[in-house]
Amino acid sequence: MTALTPSLAIVAARLPSPPSSAELLDAEVAGDTPDWRGIAVPEHLLERFARRSDAAPLAARPIAGGQIHVLARRPGFGAVLLDAWDSTRQRWRGWLVTPDTAYADACGLVVEERDAPADPRAGLVLCDLPVILAVTDLGACLGVFSQERLQAARWLETHGRANRAASAPGVIARVALPGDDYALTGTPLSSELGKDGRVAYRQLLCQGLQQLQIASADALAPVSKPVQAANANRWLKIVTAVAASVMVVQSAWLFLPKEGAVVGNAEFRNGAPQRSGVETGVRTRVLFRAEATEVEIRTWLQREQLEIVAGPDTLGAFTLLSRDRQKVLPPPGPGNPLAVINP
């Protein structure tokens, strides 16, 4: 497939901000609006009801690529467009789907009439938010994409960020795809702090995925380069500073235990922990992202109440200790410096 440089053309929709309640009240008093009291259900809601009814027969479909499935644990949070089955991880790879078309950016694929039937909960495919999910994470089917539309999602994931259009939140336009096809998508996100509500929206989505322990597909990709970088001098300096900071806060020697040193109830001999007494917590080996800063790692360790008790080993991995026996590390992704858990 020939790569094209995305460029928006023909504005398909401009989504204005909804009027405030005060504006509605003023308009009603002035007599500028039609009498809505005789309308039992607004027209746009009737349309959503119809879409949901049309898509209802899809709900029990066997899981397959190209389908949109609601998240089983949190149906109100979103859904996922399934791309392909990862036999190595025994997981489905796909993209997060929400109903919020107005928040489309340059990597967002808007669900259209040609995708019907599709439940209204499937409105926007966030092609730059790829995720990995188990079969048990998938609920009812909300819609089915053709192979051409699935290919459009893949193309936007790879090339959407190359869009050089001006940032215009709420504008939906056509972008040309290879093979004389097109997609409805949004404009690039604004780099100006606080000027683009779509930025905060995406941050909230990432936080939600982290709380649901849904891992980013990018975070679980092979990490050969970060492994090499973790052995570099820069990394040793960063983690030494992290350990020193945590040691000051918690008044304990946490980094590179010496021969015979005891950390918690684990005695270290020849660089390996030897258990003595009762286990006081949970230990987990991790690799940090190569680009993670010392401040980011230190802040995350303190927030999660974790200690570095060993490392780096020959792989560049570190052993973290949690005093909470029920502690489960969040999956690698936005909000933490982790690259791999249990490498």
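In this predicted model, strand β4, residues 91-98, is largely enclosed by the rest of the structure, because six of its eight residues are buried. Strand β4 pairs in the antiparallel sense with strand β3, residues 79-86, over seven bridges, and β4 also pairs in the antiparallel sense with strand β6, residues 124-133, over seven bridges.

**Strands around β4**

- Strands β3 and β4 form a hairpin in which four residues lie between the two strands, and Gln-90, located in that turn, has a positive phi of about 55°.
- Within the pairing of these strands, Asp-86 stands opposite Arg-91 in β4.
- On the pairing with β6, Trp-95 has Pro-130 in β6 as its bridge partner.

**Helix α7 and its ends**

- In helix α7, which spans residues 294-304, the buried residues include Glu-294, Ile-297, Trp-300, Leu-301 and Glu-304. These residues cover an arc of only 140° around the axis, which means that they lie on the same side of α7.
- The N-terminal end of α7 is capped by Thr-293, with a side-chain oxygen of this residue placed 3.1 Å from the backbone nitrogen of Glu-296.
- Just after α7, Gln-305 adopts a positive phi of about 55°.

**Aromatic pairs**

- How many aromatic pairs does the structure hold? There are four aromatic pairs in the structure, and in one of them the rings of Trp-85 and Trp-92 have centres 5.6 Å apart and planes at 65°, so that this pair is edge-to-face, the cut-off for that class being over 60 degrees.
- Is Trp-92 buried or exposed? Trp-92 counts as buried, because its relative accessibility is 11%, whereas Trp-85, at 36% relative accessibility, counts as partly exposed.
- Phe-288 and Trp-300 also form an aromatic pair that is edge-to-face, with 6.4 Å from centre to centre and 85° between the planes. This pair links distant parts of the chain, since Phe-288 belongs to strand β14, residues 282-288, and Trp-300 to helix α7, the two being twelve residues apart.
- Phe-288 is buried, with a relative accessible area of 1%, and Trp-300 is likewise buried, with a relative accessible area of 1%.
- One aromatic cluster is formed by Phe-288, Trp-300 and Phe-318.

**Charged side chains over rings**

- Arg-114 lies over the face of Tyr-182, at a distance of 4.2 Å from the ring centre.
- Arg-149 has its charged end over the ring of Phe-145, at 5.5 Å from the centre of that ring.

- Glu-307 is found in strand β15, which covers residues 306-310, and Glu-307 is buried because its relative accessible area, 6%, falls under the 20% cut-off.
- Which residue does the side chain of Glu-307 join through a polar contact of 3.2 Å? The partner is Arg-323, and the contact is between the side chains of the two residues.

Terms used:
Residues numbered from 1 in each chain as written. Predicted model: local features only at pLDDT ≥ 70, side-chain atom pairs only at ≥ 80, totals over all residues. Heavy atoms only, no water. Buried < 20%, exposed > 50% of the residue type's maximum accessible area, 1.4 Å probe, protein only. Polar contact = N/O pair within 3.5 Å; in protein donor to acceptor, adjacent residues only side chain to side chain. Pairing = 2+ DSSP bridges. Arc of directions from axis to C-beta. Phe/Tyr/Trp six-rings, centres within 6.5 Å; stacked < 30°, edge-to-face > 60°. Lys NZ or Arg CZ within 6 Å of the ring centre and 35° of its normal.
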